[in-house]
Amino acid sequence: MTAAQAPTRRPGRPRSAEADTAIIDATLELIVDGGIDGLSVESVAARAGVGKATIYRRWANKDELVEDALSSLSDALPELPEGDNTRDRLVVMVEQIRAKSVETCSGRLMPRMLSYATQHPDLFTHYYTSVIQPRRERYRVVLAEGIASGQLRADLDIELAATLIAAPMLYLHLMQVGMGAPSPGTSQALVDMVLDGIRAR
């Protein structure tokens with residue numbers, strides 16, 4: 001690879017994957033625990049067990065660090081379900097939401113980030129773009145393939161359909177402290193209810 005072809009990277013980016021992971025994890029944990037307003041480079045360094053200089057070699061400021069930490073939540077998205085049956089693929093994807101514990105860092109982070117839609121709109125926009133949109137894109141792909149195969153209506157509004165399929169389980173997932181966890185079979189029931197309206201006739 002020539003110098004002209006070499007991939008560019010932000011000056012001072014990580015020299016230690018272990019330290020990088022510790023810093024990202026600490027940033028997310030602190031957002032969950034106390035919110036963005038109480039977060040500082042000093043508190044991240046203390047939680048991660050690194051020096052402030054280690055952080056500043058990687059990120060120029062707190063905002064840059066927080067954006068990278070949020071973006072990391074999409075690093076481990078599961079592969080799209082395989083198969084030709086659109087209904088079965090959608091059930092698998094909704095079931096992935098149901099089966100995910102609300103006690104994970106990402107599960108505890110979502111309510112916090114939703115509250116920032118008005119309090120910190122720029123931060124929420126980044127969260128939506130880097131975390132929510134990649135997840136919505138998975139539904140778009142499966143729905144588009146369902147249209148192409150003739151299983152779904154040709155005039156289907158893919159954006160609306162993606163919301164109708166994923167949003168109810170997200171709501172039930174977030175509300176389970178008061179309502180109880182969604183029961184096995186809920187994913188199938190939700191998908192089937194929506195498919196009654198969007199299947200090809």
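## One turn of helix α5

Arginine 98 and glutamate 95 sit three residues apart in helix α5 (residues 86-99), so about one helical turn separates them. Helices here are DSSP runs of H or I with at least four residues, strands are runs of E with at least two, and both are numbered from the N terminus. The two residues form a salt bridge, with their closest N and O atoms 2.7 Å apart. That term means a side-chain nitrogen of Lys or Arg within 4 Å of a carboxyl oxygen of Asp or Glu. Glutamate 95 is partly exposed, at 24% relative accessible area. On this scale, buried is under 20%, exposed is over 50%, and partly exposed is in between (1.4 Å probe, protein chains only).

Keep in mind that this is a predicted model, where local features need pLDDT of at least 70, side-chain atom pairs count only at pLDDT 80 or more, and totals for chains, interfaces and linings use all residues. Residues are numbered from 1 along each chain as its sequence is written, and side-chain values use heavy atoms, leaving out hydrogens and water.

Arginine 153 pairs up with aspartate 155 at 3.0 Å, N to O. Here arginine 153 is partly exposed at 30%, while aspartate 155 counts as exposed at 58%. There's also a salt-bridge network linking Glu29, Asp33, Arg47 and Arg108.

Now look at arginine 138, in helix α7 (residues 121-148).

What does the side chain of arginine 138 meet in a polar contact? Its partner is the side chain of glutamine 96, at 2.9 Å. A polar contact is a pair of N or O atoms within 3.5 Å; within protein, one must be able to donate a hydrogen and the other to accept it, and residues adjacent in sequence count only if both atoms are side-chain atoms.

## The whole protein

Zooming out, the protein has 10 helices and zero strands. Buried residues make up 37% of its 201 residues. Its C-alpha atoms fill a box of roughly 60 × 55 × 30 Å, taken along the principal axes.
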